[in-house]
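Student: I have a model open on my screen and would like to walk through it with you. Could you take my questions as they come?

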Amino acid sequence: MSNLVIVESPAKASTIKGYLGSNYKVVASKGHIRDLPKSGLGVDIENNFTPHYINIRGKGDVIAQLKQDAKGATRVFLATDPDREGEAISWHLAAALGIPLDKACRVTFNEITKGAVKDAIKHPSTINLDLVNSQQTRRILDRIVGYQLSPFLWKSIRSGLSAGRVQSVAARIISEREDEIRGFVPHEYWTVRADVATADGETIPTRFYGINGTEVRLSSETEAMEVTNALKTFPFILNSIRKSQKSRMPAPPFTTSTLQQEASKKLGFQSQRIMRTAQELYEGINLGSEFGGFLGLITYMRTDSLRVSSVAAEAAAALIDEQYGSEYRPSAPRQFKAKPGAQDAHEAIRPSDVNIRPDKIKKYLTQDQYKLYKLIWERFVASQMSSAVFTQVSLEFSCGKYQFRAGGSSLKFRGYLAVYDNSADIAEEEEGNGLPPLSHLHENMTLPISAEEATQHFTEPPQRYTEASLIKFLEENGIGRPSTYTAIITTIIERNYVRRDGKQLVPTPLGEVTTKLMKENFSEIVDYQFTAEMEDKFDAIARGEETLLSVLTEFYGSFSKMLEKAKENVKEGTIEVPAEESDVVCEKCGRKMIYKSGRYGRFLACPNYPECKNTKAVGKDGRPIEKKEETPEVADFKCELCGGDMVVRNGRYGSFYACANYPRCRFTKPKTTEIGVPCPKCGAKIITKYGKGKVFYSCERYPDCDFSTWDMPLPEKCPECGDMLLYRKSKKMVFCRNRACSYKEENVEK
C-alpha cells in the first residue's frame, strides 16, 4: 500500500513525483473539484448563509479516480497551494474523500524543492478552518453581490451584464481617472535656463529656482521676462558649492504586486502572462539530468511578504562573495519590513536555489520563463547586496534677487547595481545627469552667461492607468489581495467595462454608465475604504478573530436595503449606453461607424443599421483589420456538382475545398493530409480530418474502415505488445492503443 499525495496541478505533480520514493503516488485534482452551482445563487441566506457546494461539471472522472486512489492508500496527504484558495481546495478534497477534519493530512511548502517537500511530508497538520472560512466568506459574499446585483443591471441598462464587488471598484477607479482627464484645465508655467561658461571652456546649465531663497513658480511670460532681463543686468555669482555622498539601498525582493508592476514595466508583460509564467516556474521545470530533472525554480508567487529565510540569505551572501567580492555584501543580511496590513504568510518571491543562475538554465526555459526568472533572480540577489554610492554636487547662483541652481551626480560604487540596474528609475529622480566641472570654480566668483532661454509649458493631465499603475493603486489602498489582482483586471476587460489602448486602460461607455449607476445606488459597495475594510475582515477571519456568519450578516443587512432602494429609484430600461463613435467612415453609406461588442469581442458597425449592415473587424488598437485579397489555391480536381474549379478556403475548423462558383454552387469537400502512418485495421493510409473544432485522425477508407482517433498515430510500434502508439499533445504523453497494454511515456515533446 502506497501513500497518496494530492496536488492541484499536473505540472506540480510531475515535479513532486521525482522527490518522493516509490511508496508515494502523486496525483492532481486539476484545481477545485467542488464549487457553488452556476445555475443559481447556491447560498441559503435565511439559514446562516449556508453554501450549497456541488461537484464541478466535468470533474466526475477526476473525483472517482481520486476516491479509488485514496481507498487503496495507506495515508493521504493534501498538498495544494499554501494560501486560502489552496486550503479551500484541500477542504473540498477532504469532504469528497471522507477524510476527517481532525486528521493530520495537510502539507504545505513555500518552494517545490526536494528538501522542502520531504520536510513538509514529515510534518503534516490538520486543515486550517480559519483560512477555509476566510475563503468561503469571500466566495459567498461575492456570489451574493453578483447574483443579486446583476439582475438589477439587466433591468436598468441591458441584459447580460454582470456585477462584481472588487471589479466594480476597479472599473470606478479607471472611470474616475478618465473624468479627471476630461475635466483637466491646463495651467501655464515658464522655466528659465541660463548656461554659464567656466574658465576651462565647459558649460554648466542652470535653472531658475526662486526669489530671495524662496522657491517660486513662474506663471506668465511677463514674470519669465523679468528674470531674463535680470540676467542681462546683474552679475551671475556662484554663492555655494555643496558636495555630498548619497547611498541608495536596493529594492526588496518581489511581492506579487511589485513583480507584476516591474515585469509590466521592464518586460512589457500583461498581468495574466506574468502570473501564468510565475506559476510555471513555481510548479517546476524539467532542467535535465544536469540539475536533477524537474525543479521548482521560485518560491510561492502569491505573497505580500518581504521575509527571506536565513538559509536563502546565507546562500545569496556566499554567491555575492564568490561572484562580486566581499565589498558587495553588507556586513549583516538585509531585512525588509512588510507594509502594514500584510498577511506575511510566506516568504518574498525569490529563487528556490540562488546558485541556479538564469544563464545556466536558459536552454531549458521558454523565452517568457527565462525573462521572468532572470528578473526575479537579479532582484533577489541585488536585495542582499551593498548599497550603491553616488557623489552629488549642488551649485547655487544668484543674479540680483533671483536664485538659480545646478547639480549632478556620478556613481562612485556600483553595489547592487552590478546585478540589478535600475539606473533609468534613478535618473528620473536625480537632478542632472553627471557632475558639473568644478576644477576652476570657487564660491563668490562671477561667471559669464553664454546662453539663456525662457520656455513656456502647460501642466499635463494625469495619465491613464496601466495594469502596473492600477495594481499599485489597488495595493496601496488595500483593495483586493495579491492573488486577486490579475482576475480583477481580466474580468473588467472581458465584461467590456474597460478596454486596452496600448498599455493604457480606458473605460468604455458601458463601463462609465455602469460605474455612475453603482455610485448613485450602491455607494458603499464601490467605496474604496469599504472595500479595503472588507479585505481586513477576511484577514481577521483567517486569524480566527472574526467569524463567517458575523461578517456576512453585517454586510447583507446594509446591502439588501441598498438593493431594495435602488429598485425603487431606477426604472426598468431607463439608462441608455451612449455609442462609442470612431473616426472610420462607412464606405457604404458615409456615416461614422461605432464600436460594438459581440461574442467574439469588439467590432465596428454602421449606426444606420438595419438599413446598412456593414461591419468591420478591429485589432487590439481598435483600428479596422484590412482584409488581404489573396489568390486562392486551385485544386487538381473539379467540382462534383457543376464541374467548376475547386479552391482552398479557410474556415473556423481549418482548411477545406469549396467550389469557386459559390454561392451558386455550395459543394465543399474536406481537405485532408496524409501523415505517413498505415491504418492498424486495414493497412490503408491515415489522414487528418476536422471535427468539433479540432484535428482528428481517420482511415482514408472510412466508412468501410471505422478507425479514427483524436490522438496522433505514431509510426513506431509499442515495444511491449507491437500495437500502434498514440501521442496525446495536451498531456505530452505517448501510450499504446491497446487498452490491455500498460505501456506509457510521459513528458514527451512531438
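This is a predicted model: local features need pLDDT of at least 70, side-chain atom pairs count only at pLDDT 80 or more; totals for chains, interfaces and linings use all residues.

Student: Fine. Which residues of α5 meet which residues of α16?

Tutor: From α5 the residues are Asp 130, Leu 131, Asn 133, Ser 134, Thr 137, Arg 138 and Leu 141, and they meet Met 534, Glu 535, Phe 538, Ile 541 and Ala 542 in α16.

Student: And at what angle do α5 and α16 pack?

Tutor: The angle is about 150°, with the axes 7 Å apart. Angles over 145 degrees count as roughly antiparallel, and α5 and α16 are therefore described as roughly antiparallel to each other.

Student: What about α3 against α5, how do those axes cross?

Tutor: Helix α3, residues 84-97, and helix α5, residues 129-156, have axes that come within 8 Å and cross at roughly 100°, so α3 and α5 are roughly perpendicular to each other. On the α3 side the residues are Arg 84, Glu 85, Glu 87, Ala 88 and Trp 91, while α5 brings Leu 129, Leu 131, Val 132, Ser 134, Gln 135, Gln 136 and Arg 138.

Student: Where do α6 and α14 come in?

Tutor: Helix α6 (residues 165-182) and helix α14 (residues 485-494) cross at roughly 70°, their axes coming within 9 Å, and they are therefore roughly perpendicular to each other. Val 166, Gln 167, Ala 170, Ala 171 and Ile 174 of α6 make the contact with Ile 488, Thr 491 and Ile 492 of α14.

Student: Let me step back. How many helices and strands does the chain have?

Tutor: The chain comes to 17 helices and 34 strands. Its C-alpha atoms fill a box of roughly 105 × 75 × 65 Å along the principal axes, and buried residues make up 46% of the 750 residues. Of the contacts with a separation of 6 or more, 63% are between residues 24 or more positions apart.

Student: Now aromatics. How many aromatic pairs are there in the whole structure?

Tutor: A search of the whole structure finds 20 aromatic pairs. One of them joins Phe 555 and Phe 559, whose ring centres are 5.4 Å apart and whose planes are at 15°, so the pair is stacked.

Student: Where do Phe 555 and Phe 559 lie?

Tutor: Both are in helix α17, residues 548-569, and they are 4 residues apart, about one turn of the helix. Phe 555 counts as buried at 3% relative accessibility, and Phe 559 is buried as well, with a relative accessible area of 0%.

Student: Which residues do the ring pairs link into a cluster with them?

Tutor: The cluster consists of Phe 49, Phe 152, Phe 522, Phe 530, Phe 555, Tyr 556 and Phe 559. Phe 152 has its place in helix α5 and counts as buried at 4% relative accessibility. Leaving aside residues up to four places away in sequence, Phe 152 touches Leu 517, Phe 522, Leu 563, Ala 566, Lys 567 and Val 570.

Student: Which arginines lie over the face of a tyrosine?

Tutor: Arg 217 lies over the face of Tyr 189, at 4.2 Å from the ring centre, and Arg 405 lies over the face of Tyr 209, at 3.6 Å from the ring centre.

Student: On to cysteines. How many disulfides does the structure hold?

Tutor: It holds 0 disulfides. Cys 586, for instance, is in no disulfide, and the nearest cysteine sulfur, that of Cys 612, is 3.7 Å away. The cut-off for a disulfide is a pair of cysteine sulfur atoms within 2.5 Å.

Student: Is Cys 586 buried or exposed?

Tutor: Cys 586 counts as buried, at 2% relative accessibility, and Cys 399 is buried too, with a relative accessible area of 1%.

Student: Last topic. Are Ser 331 and Thr 277 buried or exposed?

Tutor: Ser 331 counts as exposed at 80% relative accessibility, and this serine is found in the loop between α10 (310-323) and α11 (367-383). Thr 277 counts as buried at 2% relative accessibility, has its place in helix α9, residues 271-283, and touches Asp 368, Gln 369 and Leu 372, not counting residues up to four places away in sequence.

Technical notes. Residues are numbered from 1 along each chain as its sequence is written. Side-chain values use heavy atoms; hydrogens and water are left out. Buried means under 20% relative accessible area, exposed over 50%, partly exposed in between (1.4 Å probe, protein chains only). Rings of Phe, Tyr and Trp (its six-membered ring) pair if their centres lie within 6.5 Å; planes under 30 degrees apart count as stacked, over 60 as edge-to-face and the rest as tilted. Helices (H or I, at least four residues) and strands (E, at least two) are DSSP runs, numbered from the N terminus. A charge sits over a ring if NZ of Lys or CZ of Arg is within 6 Å of the ring centre and within 35 degrees of the ring normal. Axes are lines fitted to C-alpha atoms, for helices over the stretch in contact, and angles run from 0 to 180 degrees between N-to-C directions. Angles under 35 degrees count as roughly parallel, over 145 as roughly antiparallel, 65 to 115 as roughly perpendicular and the rest as oblique. Contact means heavy atoms within 4.5 Å.
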